[in-house]
Amino acid sequence: MSIRPRHLMSRPLHGGTNIAELRSLGLRPEDVLDFSASINPLGAPPAAALAMNGVDLAAYPDTECTALREALADRLDVSTENVSGEYILVGNGSTELIHLTARAYLHSGATAAIFTPTFGEFEAACAMQNARVIGIAANEGDQFSWRIKKAVSTIVEQSPTLVFLCNPNNPTGRYMSEEDVREIASALPDDSLLLLDEAYLPFVDTRWNSFPLLDLGNVALLRSMTKDYALTALRLGYMLASPDVVERIRAQQHSWSVNALAQTAGIAALADTAHVEDGRRAVQDAKRYLIDELAALGLHFIPSAANFLLVHVGSAKVLRHMLLKRHHIIVRDCASFGLPDYIRIGIRTKKDCNRLVAALRDVMEKS
Ligand SMILES: Cc1ncc(COP(=O)(O)O)c(C=O)c1O
């Protein structure tokens, strides 16, 4: 995997609306139906917005996110002995934690390994450290699965100090088994880290418990409350790792990274114990519907464990543009993942998916 020099790197592309593009089409963000981001289709829990009303805007936020880490430890039941949350580091979105981890584990010329195709911030974070990046590419012919034995031998040969693995993976939706993840973790050299990005895990119907991986000491689990609780505008994510790993990464974080509104909303969101599960069920329902409809349209998609689908469409750029222009619908063009023939559809409610299917049918008939 070649990596551009840092000064030539542009910021990675993401889903979501692009204001300049919308303006060029005479559209406002509220005019479009956005399938390009993959977040809880039910939106944020109402209690989160209410709780923010009580925040004193003139006070500094708690630099340790104490109450939020306690709420997380309580909710996740990480370890009853660690209710103070020393296994937890909160960040300004999980993206911040990706960059802090790269800073803590990569120096100039160090080696990182990334299971690809995947979320663009991993590569960007490595580039900012001037690290050497090894890409471990999934096999497109085998529904984007990885050959684990080959991945393990690459890790053993190249000795990366940081390995990024997204599970389930963005944008393919592949969900690796516990056995395979353990095999990868055990191949890492000493004093290195496997960053297991579980941003989309809450939307997987049949999950395995990744907490026991923390006992290995070289695995950090990354979660995103901007996805499962749809606190997207607030930016909120957290990492679970052994206390020494947390301390090493935390040392890279500035004091007031996570603002008070996000901390308060996060605590209120966690108290809504049904919200994520309700979101997962809504995704499950809409996904079943969408899968049937995409198949009826003759579109090929990759079986996904997550709340999005990677769909083969020919030119993603053209299809995305047509959907936006004619139907005010946005999907993710996967060219930036190196997959210009695919779009990624973030699963919304069944009603929204119904609109997407009608729009896809119309665009496909007219092209
Ligand atoms: C795999 C993955 N990790 C992390 C993130 C970033 O999430 P956050 O909003 O918590 O920074 C994304 C967002 O698209 C993602 O796809």
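Author: We begin with a definition: two residues are in contact if their C-beta atoms, placed from the backbone, lie within 7 Å. Please keep in mind that this model is predicted.

Reader: What do the buried residues of H11 pack against?

Author: The buried residues of H11 pack against helices H8 (225-228), H10 (260-271) and H13 (350-366), and against strands S9 (300-301) and S10 (308-312). Helix H11 covers residues 275-296 and has 22 residues. From its first C-alpha to its last, H11 reaches 32 Å, close to the 32 Å expected at 1.5 Å a residue.

Reader: Which residues of H11 are buried, and why do they line one face?

Author: An α-helix has 3.6 residues a turn, so residues three or four places apart point the same way. In H11, the buried residues are His275, Val276, Gly279, Arg280, Val283, Ala286, Lys287, Leu290 and Leu294. Seen down the axis of H11, these buried residues fall within an arc of 145 degrees, so they line one face of the helix. The face turned away from the buried side carries the exposed residues Glu277, Arg288, Asp292 and Ala296.

Reader: How many residues of H10 are buried?

Author: In H10, 10 of the 12 residues are buried, so this helix is largely enclosed by the rest of the structure. Among the buried residues of H10 are Leu261, Gln263, Gly266 and Leu270. The buried residues of H10 pack against helix H2 (46-52), helix H3 (66-76), H8 and H11.

Reader: What follows H11?

Author: Gly298 follows H11, and its phi is positive, near 80 degrees.

Note on methods:
Residues numbered from 1 in each chain as written. Predicted model: local features only at pLDDT ≥ 70, side-chain atom pairs only at ≥ 80, totals over all residues. Helix = DSSP H or I, 4+ residues; strand = E, 2+ residues; numbered from the N terminus. Expected span 1.5 Å × (residues − 1). Buried ≥ 20, exposed ≤ 12 C-beta atoms within 10 Å, placed from the backbone. Arc of directions from axis to C-beta.
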